[in-house]
Amino acid sequence: MEYEAVIGLETHCQLKTKSKMFCGCANEFGADPNTNVCPVCLGMPGVLPVPNELALQLTALTGYLLNCEVPEFAKFDRKNYFYPDVCKDYQITQFDFPSTTTGYVDFEFGSKIERVRITRAHLEEDVGKNNHFDQHSGVDFNRAGVPLLEIVSEPDISSADMAYDYLNALKDILIYGGISDCDMEKGMVRCDVNISVRPKGVTELGTKVEIKNMNTFSGVRRAINYEVPRQIETLESGGTLVQETRRWDDDAGMTETMRSKEHAHDYRYFPEPDLMPLRPSEAWLEEVRKHVVELPLARKQRFIQDYNIPAQDAEVFVGNVSLGDFFEKAVDGSKNAKTIANWVINNLQARLVESELTIDELKFGPEAIRELVEIIDVGEISNKGGQEVFTELFNNGGSPKAIVDARGLAQVSDSGELDKWCRDAIDANPGPADDVRNGRENAINFLKGQVMKASRGKANPQMVGETLFKLLKG
Amino acid sequence: MILHELTIGELTAKLASKEVSSREAMLACLDRIDAVDNRINAFISLDREDALGQAEAADAALAKGASHNEQSLLGVPVSLKDIFCVKNQPANCASKILGDFLSPYDGSVVQKLKQAGAVIFGRVNMDEFAMGSSTENSAFGRTCNPWDLERVPGGSSGGCAASVVAQECFGSIGTDTGGSIRQPSALCGCVGIKPTYGRVSRFGVIAFASSLDQVGPMARNVHDTAALLGAIAGHDPKDSTSVPAEVPDYVGGLDVNLDGIKLGLPKEFLGAGIDPEVQSIFDAAVRQYEALGAEIQEISLPHTEYGVATYYILATAEASANLARFDGVRYGDRVEGDDPFALYCNTRGKGFGDEVKRRIILGTYVLSSGYYDAYYIRAQKVRSLIKQDFDQALEKVDALITPTVPYTAFKAGEKTDDPLQMYLSDIFTISCNLTGTCGVSLPCGFTSSPKLPVGLQLLGKPFGEQELLKIAYAYEQATPWHKERVML
């Protein structure tokens, strides 16, 4: 029997705010343990939460970026469970009325565009971090109260690779929107994976297994690649699967039981009485919508279509937004987007990396690249001259035309002068000239080289070729 | 002049005229505490040095010309229920579980009192985590009713009421979740107001039931209560549920003119169960209001009978979460265990008293999967209906008038074996918390033998504290009850 996997993901990502979700402590990674804490995020007696306005805005913005609805009414709830890293022994989250619902993410998977539907993206507070030492354990509450967005997908994913590509697409969107830095190393993104398998063609879902708390996308991929065959083998060998929560052991490369359904927590959700329900006004939402950005996939498709550039070039401009924006400005009014793309990617980007500069620090604007490509296209300077102009532009700024004038880089396209250089070269090199006359046309390159030498590189190479050919082959 | 007997109004006048210093006033309270508190047990703890330091600072400010116009409570000693967080002071909520915990911060009410110049001192007794109606559920022993030491002072703010009535302070700040200010005020014979939900910040108040808790003052008369309320009321950005509404001049709004005032007599409150002597004292108070020009009309609050049940579902549900943080991990007493779960069980098993455990279990139960809809959701619906009753009634009248408690102070131990009987002592006060509206209790007479105070409750419109205090003041000024002083 052939089986298929049905996979849904819960992705937690820390929001890019200066302060925590419900207090003024810094949302900052890497500080000494328990230094970014206050009575509120330590759950001291008597404290109350006050929601972070930016976190609310970023949540709604995520909703728009993920094509979600942003409901008129949302609220916070308490999720009750005892654990040392949960300072109040309940977590403030959103249960039945989340801030965003029903959206989707489109992304490239193989040669196709796939869609994973988003059930909801809701806002909650992160918990602290337990550290275990030889004789005791400690809790670092620096992370406690950091705003955390939980993005829940529908079970629309059918493979480990698809999950991997979905996660990367989601991450790109979140980084694009300024929602989260998604720095995996700093634990800013964590995933829970829900997996079941069923015989192909069957519509009912199989028994669901949840794998908790993975902090790399490659770990997710490997866990799925382990778990799906495990489930299939269990079924094929006549066994039954139990609904359970499993843990991914990255070193061993396998999943293991954490707790079964019978031991599942009863979180006893109820509305958080310390916080007012959220009723975003139209004006507030309008303000949020101003921050909606073009999504990576849409940008790529637009670049390919509008500028007729190769997919790899478009990807560069998706991956490096400021470079892409610079390219778009350079291309404005030009017919040669492809060449401009080459200059921006091969020359500009390379030099920026080399010199560790950002695009904002450039001494010239995008119109200079457009002008540079134009004067090369019309033959005013050679490609080689173009390189020299670019180097000068990059180092000292200015306009390409002015640089050409100042440095005498203009190509000679005057037919009289070219004619003279060409005749001189033919007269001085009768052998190669005869070869060309006798049909060995490659020999013309030698003569061309002599002309370029005589003109000290200023002769228009295309015209040199044409003139030599005319003189020799008549 | 006996200094500790003064009202806040009298004391501030004497402080202003330099006839009395704040230090003298504070010392008078401390002397009085030394003299009587071994019998009353209102104070759990007391930082004398800190109290005198504050008083001296107030005297220095007064000497430099500071006035009560800017700082309405400058130099006035006020006691605090053991539920408020004061920086570097203990906050036990009358529980063992907090151990030697010292608050690392000042709550907002404490800050406001300090800004108003009050000398805030002492941790007065209460039912553990404000759960109770008699101040018997305290890890620090029971507080006694100053009128009869055999009897309870009411609760949960029993220490506040007792300390005010025993003249160990000039006023006290308590909290009211189901009647915890009004009920002890009635049983001890002082004035206490539960303001509208959102009127006073809850930041720095150890939470019992977040959607019901409200901070309020208790004092010897309506004027003093109004003065204290004015100092602590107002919006607080640290409490999302506090309301950004203007704070009126409560003292300035006091007036004896009741022309055109309509008072509603809720017929559902007047059924069986009220002690006959309390009933007749209450009836006399109603007649007094009529004599003062108020119009009395009977009104109906049809869902009243569900109030106590609704309350005990919602309050315990919220409490079960609010009290989860007392787990021995970060602060307070810890009883070690082999794993976190054992540590929690040991710590909480030892640290919490029976009533607190009972309510945590009840609250956990009503929130659990499969029961949530039948209890919590249903209770929220009933709460809306009770609120609707009040809204409709308060469209017809300016305030509702009821006895505060169906009986007078009961004997210690009398109701401890029957939690349900204890819960019913809040039957007249509980609706006001469910509706989030304001209510005041003031003395309206004494039973003859034994002589015990009887409280009158007035329930007002949302943010109608000024009107409510005015209605209370008119009655108070026409009657002698507020002048009664207990003999200790």
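Two strands pair if DSSP finds at least two bridges between them. I count helices (H or I, at least four residues) and strands (E, at least two) as DSSP runs, numbered from the N terminus.

**Entry 1: ground rules.** I am working on a predicted model, where local features need pLDDT of at least 70, side-chain atom pairs count only at pLDDT 80 or more, and totals for chains, interfaces and linings use all residues. Residues are numbered from 1 along each chain as its sequence is written, and chains are lettered from A and ligands numbered from 1 in the order in which they are written.

**Entry 2: strand S2 of chain B.** I looked up the partners of S2(B). S2(B) pairs with strand S3 (residues 119-124) of chain B in the parallel sense, over five bridges. S2(B) also runs parallel to strand S4 (residues 171-176) of chain B, joined by two bridges. I found B:Ser79 opposite B:Phe121 in S3(B) and opposite B:Ser172 in S4(B). S2(B), H4(B) and S3(B) form a right-handed β-α-β unit; right-handed is said of a crossover if, with the strands pointing away from the viewer, the path from the first strand over the helix to the second runs clockwise. I then checked burial (buried: 20 or more other C-beta atoms within 10 Å of the residue's own; exposed: 12 or fewer; partly exposed: in between; C-beta atoms placed from the backbone). Five of the five residues of S2(B) are buried.

**Entry 3: B:Cys93.** Where does B:Cys93 lie? I placed B:Cys93 in the loop between strand S2 (77-81) and helix H4 (108-115) of chain B. B:Cys93 is buried, because 31 other C-beta atoms lie within 10 Å. For contacts I required C-beta atoms, placed from the backbone, to lie within 7 Å. Leaving aside neighbours within four places in sequence, the contacts of B:Cys93 include B:Asp82, B:Leu98, B:Phe129 and B:Ile206.

**Entry 4: helix H9 of chain B.** Helix H9 (residues 307-322) of chain B has 16 residues and reaches 22 Å from its first C-alpha to its last, close to the expected 22 Å. The expected span is 1.5 Å times one less than the number of residues. In H9(B), 14 of the 16 residues are buried.

**Entry 5: a sheet in chain A.** I traced an open sheet of three strands in the order S3-S2-S13 (chain A), with antiparallel pairing. Strand S3 (90-93) and strand S13 (270-271) of chain A are at the edges with a single partner strand each, so one side of each has no neighbour in the sheet. Two bridges join strand S2 (residues 77-80) of chain A to S13(A), and A:Arg78 has A:Phe270 as its bridge partner there.

**Entry 6: the whole chains.** I noted 15 helices and 13 strands in chain A. The radius of gyration of chain A is 31 Å, well over the 23 Å from the globule rule for 474 residues, so chain A is more spread out than a compact globule. The radius is taken over C-alpha atoms, and the rule is 2.2 Å times the number of residues to the power 0.38. Buried residues make up 40% of chain A and 61% of chain B.

Terms used: Contact = placed C-beta atoms within 7 Å.
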